[in-house]
Structure formats: structure tokens, C-alpha cells
Amino acid sequence: MAEVRLINNLKGILCYKNIQLLDFEIKNRELIRFKDLNEGKYFPPELALYGISYGNINEFFERRTMKEGCMFYREYLQAIGMDKFDFDKYIQIHNGHNNLDLYWIKFEDFGAKKFEDLMW
């Protein structure tokens with residue numbers, strides 16, 4: 001059975017390096033609040049081309065996650081403390097970062113507070 005990759009509840013600030021781009025909140029799979037903090041500059045393609053919506057934010061993060069069935073997938077989930085895939089938790093554990101670009105999420109109460117904290 002394929003894993004569901006839908007953000008349920010997520011609140012934070014999307015950043016590019018240390019530039020804050022978008023303050024947003026998703027609650028019960030609905031984008032309930034967002035504020036463009038940088039006039040659309042540096043937005044990832046899903047948001048720059050297609051606009052700010054729940055679907056586009058979800059697609060952006062879905063593209064950034066390890067795919068089910070890839071080599072060592074289960075071992076990786078266990079290594080980061082997950083028995084089964086939880087999209088919200090996965091994004092939080094990684095601060096929304098995937099090491100292939102400079103985007104990440106700054107959360108209010110946990111995780112990295114500046115881009116340099118993400119470098120492993």
C-alpha cells in the first residue's frame with residue numbers, strides 16, 4: 001500500500017538560506033494562513049509558477065522526500081526515529097531541507113534557527 005503524502009498540520013517560515021520567504025500554517029490539510037515575506041523572490045518553482053496553495057506547498061515537500069521503496073528506505077526511517085512514514089514528522093525532522101537546494105523551514109519551537117544549523 002502506498003504511503004499517503006499529505007501534510008496534515010504544519011506551521012513555519014519557508015526560507016531560502018537565511019532569507020525568510022513565506023510564513024504559513026496548514027491545519028487539517030488546509031492552508032489557513034500565509035504571508036509572503038519577500039515579494040515572491042526566491043520562491044521554489046511550485047510556488048513561483050503556480051501560486052501559493054495547499055496543493056503546491058504539499059507538492060514542494062513531496063518532491064523533497066525519500067520515495068517509498070528506495071534502497072534502505074525502512075532502515076532510514078528507523079534511523080530518524082520513525083516506525084512508519086509520517087509526512088509532517090518527516091518534514092519537521094529535516095526542517096524541510098533535503099541537501100539538494102537551499103530551502104528549509106524555520107519552526108517556532110524546535111529545529112534549526114538559521115541555515116548554517118542545517119549543515120551536517
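This note comments on the predicted model shown above, point by point.

1. Basis of the model. The structure is a predicted model, in which local features need pLDDT of at least 70 and side-chain atom pairs count only at pLDDT 80 or more, while totals for chains, interfaces and linings use all residues. Residues are numbered from 1 along each chain as its sequence is written, and side-chain values use heavy atoms, with hydrogens and water left out.

2. Overall architecture. The chain contains 4 helices and 4 strands; helices (H or I, at least four residues) and strands (E, at least two) are DSSP runs, numbered from the N terminus. In sequence order the pattern is β-β-β-α-α-α-α-β. The radius of gyration of the chain is 14 Å, close to the 14 Å that the globule rule gives for 120 residues, so the chain is as compact as a globular protein of that length. That radius is taken over C-alpha atoms, and the globule rule is 2.2 Å times the number of residues to the power 0.38. The C-alpha trace spans about 40 × 30 × 25 Å along its principal axes.

3. Of the 120 residues, 40% count as buried; buried means under 20% relative accessible area, exposed over 50%, and partly exposed in between (1.4 Å probe, protein chains only). Among contacts with a separation of 6 or more, 45% involve residues 24 or more positions apart, where contact means heavy atoms within 4.5 Å. The chain exposes about 7,200 Å², of which carbon and sulfur atoms supply 53%; accessible areas come from the Shrake-Rupley method with a 1.4 Å probe, and for residues only the protein chains shown count as cover.

4. Charges. The chain has 17 positive and 19 negative charges, and their mean positions are 3 Å apart. Lys and Arg count as positive and Asp and Glu as negative, whereas His and the chain ends are not counted. Each charge is placed at NZ of Lys, CZ of Arg, CG of Asp or CD of Glu.

5. Helix α2. Which residues of helix α2 (residues 54-63) are buried? They are Y54, N56, I57, N58, F60 and F61. The cover over the buried residues of α2 includes the strands β1 (10-16), β2 (19-27), β3 (30-36) and β4, together with the helices α1 (45-50) and α4 (87-93).

6. L14 in strand β1. L14 lies in strand β1 and is buried, with a relative accessible area of 3%. Beyond four places in sequence, L14 touches residues including I19, L21, F24, P44, L47, F60, Y103 and W104. F60 is also one of the buried residues of α2. The C-alpha atoms of L14 and D109 are separated by 15 Å, and these residues lie 95 residues apart along the chain.

7. R5, a buried arginine. R5 is located in the segment before β1 and counts as buried because its relative accessibility is 10%. The side chain of R5 makes a polar contact of 2.8 Å with the side chain of E3 and another, at 3.1 Å, with the side chain of Y73. A polar contact is a pair of N or O atoms within 3.5 Å; within protein, one must be able to donate a hydrogen and the other to accept it, and residues adjacent in sequence count only if both atoms are side-chain atoms. Leaving aside neighbours within four places, the contacts of R5 include N58, E62, T65, F85 and F87.

8. Two residues with positive phi. Most residues other than glycine have a negative phi. R29, in the loop between β2 and β3, has a positive phi of about 60 degrees although it is not a glycine. E39, in the loop between β3 and α1, likewise is not a glycine and has a positive phi of about 55 degrees. R29 counts as partly exposed at 41% relative accessibility, whereas E39 counts as exposed at 70%.

9. Two partly exposed lysines. K27 is found in strand β2 and counts as partly exposed at 43% relative accessibility. K113, in the segment after β4 (103-106), is partly exposed at 37%. The side chain of K113 reaches the backbone oxygen of F110 at 3.4 Å. K113 and N18 are 95 residues apart in sequence but 9.1 Å apart in space, C-alpha to C-alpha.
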